[in-house]
Amino acid sequence: MAEIAIRNAGKTYGKTRIMQDVSLVINNGEFVVILGPSGCGKSTLLRMIAGLEDITDGEIAIGGQVVNRLEPRERGCAMVFQNYALYPHMTVAENIGYALKVAGMPKADRLAKVAATAQSVGLTEFLDRKPGQLSGGQRQRVAMARAIIREPKVFLFDEPLSNLDAKLRVQMRHEIRRIHNQISATSVFVTHDQHEGMTLADRLVVMNKGTIEQIGTPEEVYDRPASVYVAGFIGSPAMNFLPGRVTDSRSAVVLDDGQTIPLVSAIKPAAGQMVQIGLRPEKLTLAPLGGGALAARFEFAEELGSGRLYHLKIEDVPVSVMAAEKHSFVEGQTIGLRFPNDAVHVFDGASGLRLDLHHAPAAALVSA
Amino acid sequence: MIERTPILNFLTHVILLIGLALVIFPIWLAFVAATHDLRAVNTAPVELLPGPHLWANMKEAWALSDFGPKFVNTLIVAIGVVVGKVTLACITAFSLVFFNYRGRMLIFWLIFITLMLPLEVRIVPTYAVAANALSPFQVMLDASGLNGLIETLSGIRVALEWNLLNSYTGMILPLVATATGTFLYRQFFLTVPDELVEAARMDGAGPLRFLWDTLIPLSKTNIAALATIMFVYAWNQYLWPLLIITDRANYGMVVVQLSDLVPDQFSTGGGTPTWHLAMAATLMVMLPPIAIVIFMQRWFVRGLINTDK
């Protein structure tokens with residue numbers, strides 16, 4: 001049983017603070033993906049769990065035991081590195097079995113276990129090769145096997161798929177999920193790729209500038225992003241943001257060009273508050289003008305095969321619309337946009353936080 | 001890069017061949033001289049083709065110089081220098097690259113500075129230390145007044161002495177204490193990716209285990225290169241053994257011994273110019289370094305160009 005509890009963890013290098021007040025509980029057997037752009041501190045957090053970086057503030061507990069002062073080998077974690085970090089002078093079999101050799105397991109047991117592990121990731125025929133003779137995908141498997149063989153309580157992945165080509169990446173993604181389900185360890189996976197995050201995670205942790213922006217299931221994070229930052233980061237193509245001002249009746253938002261967007265009753269902004277309206281391109285539909293449709297000026301369209309991505313502008317704010325139907329508009333033409341009422345995300349104009357955040361079940365999950 | 005320039009190719013080959021001839025010719029002359037008897041080697045013009053006396057000359061030179069024990073001595077010293085250097089440089093560089101401690105850079109620069117002070121430059125102070133390896137501590141004791149204190153308290157005057165003259169240790173240690181190897185290892189260790197170090201830590205390998213299981217196998221070519229260079233360097237030592245080895249019967253080195261065979265006004269008293277013996281001895285003395293170089297070549301060439309695929 002290994003639950004990871006991170007309490008108010010922080011990290012400073014000299015005088016520079018790169019992470020602060022990170023709190024997160026990862027349940028036993030859960031697959032958590034930490035998502036964020038490069039430099040947001042996600043890898044540092046992973047390395048703090050692994051024991052490769054000092055924890056300068058707060059504490060991290062694995063399976064109920066505080067590990068701040070423990071060596072990596074005492075924490076029961078296995079890690080898969082971005083560049084695989086295979087020992088170049090050892091064969092695949094030696095690479096996979098090295099941890100067991102260090103632990104002093106007798107050779108016969110070790111070899112049997114190496115064979116079994118190699119079998120499970122499809123490496124049996126490569127056991128005598130050196131890493132230099134393997135393809136990227138095969139090296140990745142060796143790195144996985146090396147982690148699996150230790151039967152770790154916690155599996156850590158540091159952007160392990162970023163060096164693979166697109167097709168292999170999808171394949172290894174499935175493989176990782178399969179292995180996770182099979183060995184039922186707690187997995188923490190760091191990536192900057194939102195597709196990996198969405199598809200792999202039981203829960204997503206979105207990080208920005210050394211703090212956690214949101215914790216929630218991929219669905220929650222997509223449907224109810226906690227901030228402008230998360231909303232813009234999750235989803236492809238990115239969410240559209242329209243700045244506006246709440247009307248005195250607090251039931252609608254007036255955009256800069258005078259058009260209004262009605263608000264659902266659950267959202268209760270202050271009258272006159274400056275807000276950002278978020279609309280996902282895939283929730284918008286193209287429609288004739290009038291009848292409450294938002295008017296926008298057509299700029300150009302991108303062909304996607306399955307549909308088209310239309311680029312429009314409302315005043316000077318760019319808006320993109322993803323639609324299956326293929327229209328041929330002329331540049332400068334005015335087009336109507338429609339969207340369901342519940343597709344409107346409202347964020348505070350200054351802080352960027354979601355206005356109806358207190359309804360979000362995500363907050364409860366933080367302490368779960 | 002592929003270029004098709006036949007004329008340039010031809011020209012470069014000609015230049016290379018001329019260079020080769022320049023290098024080979026003196027060695028050829030030495031070989032030819034070693035195969036003639038006293039009379040033939042001293043007739044003008046110089047013989048350019050080998051004669052029949054090589055074996056006899058070699059036997060005579062070997063006996064005359066007492067080369068048997070001298071080869072053993074030199075081999076002991078050379079191997080001592082190689083082993084000492086390879087080990088010391090490896091652990092020093094290991095500490096400098098993979099550990100974080102106060103004064104690390106200072107230590108590195110101190111070691112680095114010794115590159116600028118080869119043995120020949122600091123030979124007098126080195127001799128003083130070799131005469132009594134503990135003299136620095138003696139000086140410290142005397143200067144700090146500690147020795148006087150001990151003397152008044154116990155009536156015993158502390159006199160530290162550890163004489164390294166006329167010993168293998170004295171021959172080996174000063175040759176080991178240079179920065180070349182440390183520098184070579186350091187540059188290589190710096191190219192080892194951090195991820196590899198971390199992977200070893202995750203696998204539970206401690207620092208020494210990592211050194212032994214990963215770093216040393218990875219630096220095989222570097223070790224071969226360093227060993228080769230150090231062996232040749234130690235084998236060819238002349239000045240240092242000449243200085244500290246006075247007991248030539250027991251601790252003589254081949255190169256010093258060889259210099260005795262070279263006819264000059266002191267050793268021969270203006271008498272017989274026995275060049276055929278000197279050259280035969282030269283050939284014999286040259287053999288071990290050449291053998292080592294040929295044997296290690298394929299390893300150390302890779303080590304010096306240091307390409308990681």
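1. Helix α13 of chain B, residues 220-235, has a length that can be checked in this predicted model. At 1.5 Å a residue, the 16 residues of the helix should span 22 Å, and its end C-alpha atoms are 22 Å apart, so expectation and model agree.

2. Is α13(B) largely enclosed by the rest of the structure, or exposed? Of its 16 residues, 13 are buried, so α13(B) is largely enclosed. A residue counts as buried here if 20 or more other C-beta atoms lie within 10 Å of its own.

3. One helix that packs with α13(B) is α4 of chain B, residues 67-98. The angle between the two is about 145°, and their axes are 8 Å apart. The crossing in which α4(B) passes α13(B) is right-handed.

4. Which residues make this contact? From α4(B) come T74(B), V77(B), A78(B), V81(B), V82(B), K85(B), V86(B) and A89(B). From α13(B) come I223(B), L226(B), A227(B), M230(B), F231(B), A234(B) and W235(B). By class, 13 residues of the contact are nonpolar, one is polar and one is charged. An α-helix has 3.6 residues a turn, so residues three or four places apart point the same way.

5. The contact between them draws nine residues from domain 1 of chain B and nine residues from domain 2 of chain B. On the side of domain 1 of chain B that touches domain 2 of chain B, seven residues are nonpolar, one is polar and one is charged.

6. Chain A holds nine helices and 20 strands. Its C-alpha atoms fill a box of roughly 80 × 45 × 35 Å along the principal axes. Of the 368 residues of chain A, 39% count as buried. Among contacts in chain A with a separation of 6 or more, 65% are between residues 24 or more positions apart.

Definitions and conventions:
Residues numbered from 1 in each chain as written. Chains lettered and ligands numbered in written order. Predicted model: local features only at pLDDT ≥ 70, side-chain atom pairs only at ≥ 80, totals over all residues. Contact = placed C-beta atoms within 7 Å. Nonpolar A, V, L, I, M, F, W, Y, C, P; charged D, E, K, R; others polar. Helix = DSSP H or I, 4+ residues; strand = E, 2+ residues; numbered from the N terminus. Expected span 1.5 Å × (residues − 1). Buried ≥ 20, exposed ≤ 12 C-beta atoms within 10 Å, placed from the backbone. Axes fitted to C-alpha atoms, helices over the stretch in contact; angles between N-to-C directions. Left-handed = near helix turned anticlockwise from the far one by under 90°.
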